[in-house]
Amino acid sequence: MTLLSHPTGEHDSRPFGGRADRNLGMELVRATEAAAIRAAPWIGRGEKNLADGAAVDGMRQFLNTVNFDGTVVIGEGEKDAAPMLFNGERVGTGDGPACDIAVDPIDGTSLTAAGRQNAISVIAVSDRGSMYDPSAVFYMDKIVTGPEGAGVIDLNRPVGENIRALAAAKGVRVDDLQIAVLDRPRHVDLIAAIRATGASTRLLLDGDVAGGINAARSDSRIDMCIGVGGTPEGIITACAVKALGGVIQGRLRPRDDAERQKAIDAGHDLDRVLTGDDLVAGDNTYFVATGVTDGALVAGVRRENGVIRTESLILRSLSGTQRRVTADHLEAKWLDSEAGA
């Protein structure tokens with residue numbers, strides 16, 4: 001571990017170092033680029049499992065070149081069901097900082113298979129032991145906003161109250177707000193309640209990670225993302241929201257009595273509203289996403305004149321930086337060696 005000197009003469013012994021240290025996200029982006037490029041030939045072909053398998057292969061190959069000691073906390077499933085990037089797998093060279101890592105080689109496999117927008121390849125990283133364990137309950141209620149929502153929104157309040165409070169905090173009219181919600185039967189009443197306030201809805205076919213991040217971004221038209229989605233996706237989103245200065249709250253939502261009992265046995269309080277710090281402790285997270293298909297967050301993979309172009313978003317909470325990386329990969333070299341960058 002390298003100790004960085006401050007002007008005071010003090011040292012910074014945090015695992016990722018101080019503000020002037022290496023940006024791990026700039027290395028991790030090669031893995032999301034590889035996953036997106038490998039998945040691209042399957043866009044619109046109706047084969048979501050083949051698209052996901054190709055993305056997993058590409059991501060894993062590049063993760064193992066990164067100088068860190070990563071443990072997959074959120075992956076493709078248990079070892080027997082997911083031969084690559086399974087929960088508990090060790091990735092990286094083993095040198096460097098010890099980290100928790102969450103991977104979603106394609107957030108939006110159905111979107112990819114159908115050729116729809118907003119599919120992305122995602123990696124989130126934080127200090128070892130800092131990510132919430134999502135294994136007890138698969139779904140959670142979530143609400144995400146930008147920084148204006150701090151001290152304003154409350155997952156325990158009706159959605160209408162939250163929308164009106166957020167509009168007041170932002171100094172806009174309620175009917176100026178756009179609220180992102182997954183388009184699912186379980187959200188019929190929620191969607192009706194949102195529209196009853198005068199706010200408009202942005203219905204997401206899939207991919208609530210991108211929806212949450214867009215809600216936290218200052219330059220997005222989405223003001224809030226709300227509804228029931230995956231607990232793993234909530235933790236990944238929390239890593240990004242921290243870097244954006246936004247707000248995220250969640251509450252576990254068991255699917256049945258068996259899952260409810262499993263959560264209680266694991267010591268979870270099912271009435272508790274989880275904050276961003278509960279979902280990922282500390283202020284030392286990275287979030288990296290590369291577009292598979294075009295979307296509001298990043299552009300998708302493009303092939304033209306022998307060049308493969310990717311667009312990625314790299315967020316780091318410690319420094320509060322947001323980077324967009326557009327990379328042109330010579331297709332011939334990619335196909336020959338898959339060395340990516």
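The crossing of helix 6 and helix 7 is right-handed, a crossing being right-handed if the near helix is turned clockwise from the far one by less than a right angle, and left-handed if anticlockwise. The model is a predicted one, in which local features need pLDDT of at least 70 and side-chain atom pairs count only at pLDDT 80 or more, whereas totals for chains, interfaces and linings use all residues. Residues are numbered from 1 along each chain as its sequence is written, and side-chain values use heavy atoms, with hydrogens and water left out.

The axes of helix 6 and helix 7 come within 9 Å and cross at roughly 20 degrees, which makes helix 6 roughly parallel to helix 7. Axes here are lines fitted to C-alpha atoms, for helices over the stretch in contact, with angles running from 0 to 180 degrees between N-to-C directions; angles under 35 degrees count as roughly parallel, over 145 as roughly antiparallel, 65 to 115 as roughly perpendicular and the rest as oblique. Helices (H or I, at least four residues) and strands (E, at least two) are DSSP runs, numbered from the N terminus. On the helix 6 side the contact (heavy atoms within 4.5 Å) is made by Asp-208, Val-209, Gly-212, Ile-213 and Ala-216, which meet Glu-233, Ile-236, Thr-237, Ala-240, Val-241 and Leu-244 of helix 7.

A nonpolar core is a set of buried Ala, Val, Leu, Ile, Met, Phe, Trp, Tyr and Cys residues joined through side-chain atoms within 4.5 Å, where buried means under 20% relative accessible area, exposed over 50% and partly exposed in between, with a 1.4 Å probe and protein chains only. The largest such core has 42 residues, of which Ile-120, Leu-279 and Phe-287 touch the most other members. Among the elements that each supply at least two of its residues are helix 6 (208-216), helix 7 (231-244), strand 6 (120-127) and strand 13 (285-291), and the largest share, eight residues, comes from helix 7. Apart from this core lies another, of 37 residues, among them Val-66, Cys-99, Ile-101 and Ile-123.

Within helix 1, Ala-31 counts as buried because its relative accessibility is 1%. Ala-31 touches Met-59, Phe-62, Leu-63 and Ile-123, when residues up to four places away in sequence are not counted; the C-alpha atoms of Ala-31 and Leu-63, which are 32 residues apart along the chain, are separated by 5.7 Å.

Thr-112, in helix 3 (residues 109-114), has 0% relative accessibility and so counts as buried. With residues up to four places away in sequence again left out, the residues that Thr-112 touches include Ala-39, Ala-51, Ile-106 and Val-292.

The remaining pair to follow is helix 4 (residues 159-170) with helix 5 (residues 188-197), whose axes lie 9 Å apart at an angle of about 40 degrees, so that helix 4 is oblique to helix 5. Their crossing is right-handed, and the contact joins Val-159, Gly-160, Ile-163 and Arg-164 of helix 4 to Leu-190, Ala-193, Ile-194 and Thr-197 of helix 5.
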